[in-house]
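Thanks for coming, everyone. Let me put the model on the screen, and then I will walk you through it.

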Amino acid sequence: MTGKIWTHSGDSHFLEPEDLWHQILPSSQADRMPRTRMISDDEELVEVDGKSFTRKVPRVMTAKGSTGETMTEMAHRPPGSRDVKLRLADLNNEGVWGEVMYQSIGFWCTLIEDRALIAEAARAENEWMVDELKGAAPDRLVPAALMPVLEVEDSVAEVYHAAEIGLHVISLPSGQVPGREYWNHKEWDPLWAAAEESGMVVGFHIGTNGDPVKYRGRGGAIINYVESGRDGIYAVMCLVSAGVFDRRPELKVLVSEGGATWVPYIGDRMNEAYRQHAEFVRPQLSKLPKEYLYNNVYASFQHDESAPAAMWAMGYQNVMFGSDYPHLEGTYGHTQKTLHGLFDDVEPEVRERITRGAFEELFPHITIPEEVLAAS
Ligand code: MN
């Protein structure tokens, strides 16, 4: 294909204004919310509600940003990182129309242990998102609701609140919530029921499970990068195996940034377990595990050259492109090159499904206008 390829993104991020928490919460609460600052050339300090820890900053980023910016700021260099109007100009240049927008610093909210604090912060931030993010381009921007997850009643209440004010997706940590059961446990059933009932898509962004450095020494950078996708896979494996989609057939889950070819792979492994270990399997499911994965689970990737084949060669229809704007791992600055590399040699139906169809199935209020497509 020649010309511009327009796509949606199932994986993008916004950078919170530096004073966001103070804009939307009383100081006594705002002071306890996550913040980051550089404390040396290659180390960032993260502070959340009385806890703090440091993390290493990649050298490439230190070299670029020796002026005291935090790592989070350095990772958000595109002009529209902080300004939603400039963001839309960036998206137009890149050829990205609609996008799911996850938080940035807000991912550290999983470290908050005060139930009331996170419930009130989530409520306030979600209202801010509707006004400042969705409000800027409701036909394009889909900010993901911050969720309190310390008690399931709070999660349920915020699902309904977020839906009511006009959000379409909730962001859940892909890993196990500290002190709580993992996602397969029945204590979370009311959350899945609420998400299904209110039509909220459940978003699991990979790497939202605390410390990303599990392996040290040789090969660590690559091993940890791949490892960070593991939790997204296990989260949906939990839901499928526990029969969540059997009971909640309309529930839709999006795993962002973790690639797509794992879905057929995990589906095969789960089906084998389901058949060959049938006498141990509880609960019994009304369909094979892979069918729930293929029907209810959507998966976004950015550069993976094998991802389109998950659709055309392995029958998994819910493969979705994601730009990961404005992160280093994403395609900012080379989105068109990436899209042409991925799709120039595949059937147009495959390109259209992965760039637009899967996304529009989750968010039917978003479509790329004909005149935009025609002009490219
Ligand atoms: Mn991302």
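**Aromatic cluster**

Trp183, Trp188, Trp192 and Phe204 make up one aromatic cluster. This is a predicted model: local features need pLDDT of at least 70, side-chain atom pairs count only at pLDDT 80 or more, and totals for chains, interfaces and linings use all residues. Residues are numbered from 1 along each chain as its sequence is written, and side-chain values use heavy atoms, with hydrogens and water left out.

Now the ring pairs. Rings of Phe, Tyr and Trp (its six-membered ring) pair if their centres lie within 6.5 Å; planes under 30 degrees apart count as stacked, over 60 as edge-to-face, and the rest as tilted. The whole structure holds 11 aromatic pairs. One of them joins tryptophan 183 and tryptophan 188, a tilted pair with 4.7 Å centre to centre and 55° between the planes. Tryptophan 183 also pairs with tryptophan 192: the centres are 5.7 Å apart and the planes are at 65°, so this pair is edge-to-face.

Are these tryptophans buried or exposed? Both tryptophan 183 and tryptophan 192 are buried. Buried means under 20% relative accessible area, exposed over 50%, and partly exposed in between, with a 1.4 Å probe and protein chains only. Tryptophan 183 counts as buried because its relative accessibility is 1%. Tryptophan 188 has a relative accessible area of 0%, so tryptophan 188 is buried too.

**Metal site**

Next, the manganese ion. Which residues coordinate it? They are Asp11 (OD), His13 (NE2), His205 (NE2), Glu257 (OE) and Asp324 (OD), at 2.1 to 2.2 Å. Donors here are N, O and S atoms within 2.8 Å of the metal (3.2 Å for Na, K and Ca); water is not among the atoms, so sites may look incomplete. Along the chain, the donors of the manganese ion follow the spacing D-x1-H-x191-H-x51-E-x66-D. Aspartate 11 is buried, at 0% relative accessibility. Histidine 13 is buried as well, at 1%.

**Strands**

On to secondary structure. Helices (H or I, at least four residues) and strands (E, at least two) are DSSP runs, numbered from the N terminus. The chain comes to 17 helices and 11 strands.

Take strand 5, residues 96-102. Seven of its seven residues are buried, so strand 5 is largely enclosed by the rest of the structure. Two strands pair if DSSP finds at least two bridges between them. Strand 5 pairs with strand 1 (residues 7-13) in the parallel sense, over four bridges. Strand 5 also pairs with strand 6 (residues 141-146), again parallel, over three bridges. Look at methionine 101 in strand 5: serine 12 stands opposite it, and its bridge partner in strand 6 is proline 143.

There is also an open sheet of three strands, in the order 2-3-4, with antiparallel pairing. Its edge strands are strand 2 (35-40) and strand 4 (51-56), each pairing on one side only. Strand 2 and strand 3 (residues 43-48) share five bridges. There, arginine 37 stands opposite leucine 45 in strand 3.

**Charges over rings**

Two quick examples. A charge sits over a ring if NZ of Lys or CZ of Arg is within 6 Å of the ring centre and within 35 degrees of the ring normal. Arginine 140 lies over the face of tryptophan 97, 3.9 Å from the ring centre. Arginine 230 has its charged end over the ring of tyrosine 234, 4.2 Å from the centre.

**Overall**

Finally, the whole chain. Buried residues make up 55% of its 376 residues. The C-alpha trace spans about 55 × 50 × 50 Å along its principal axes.
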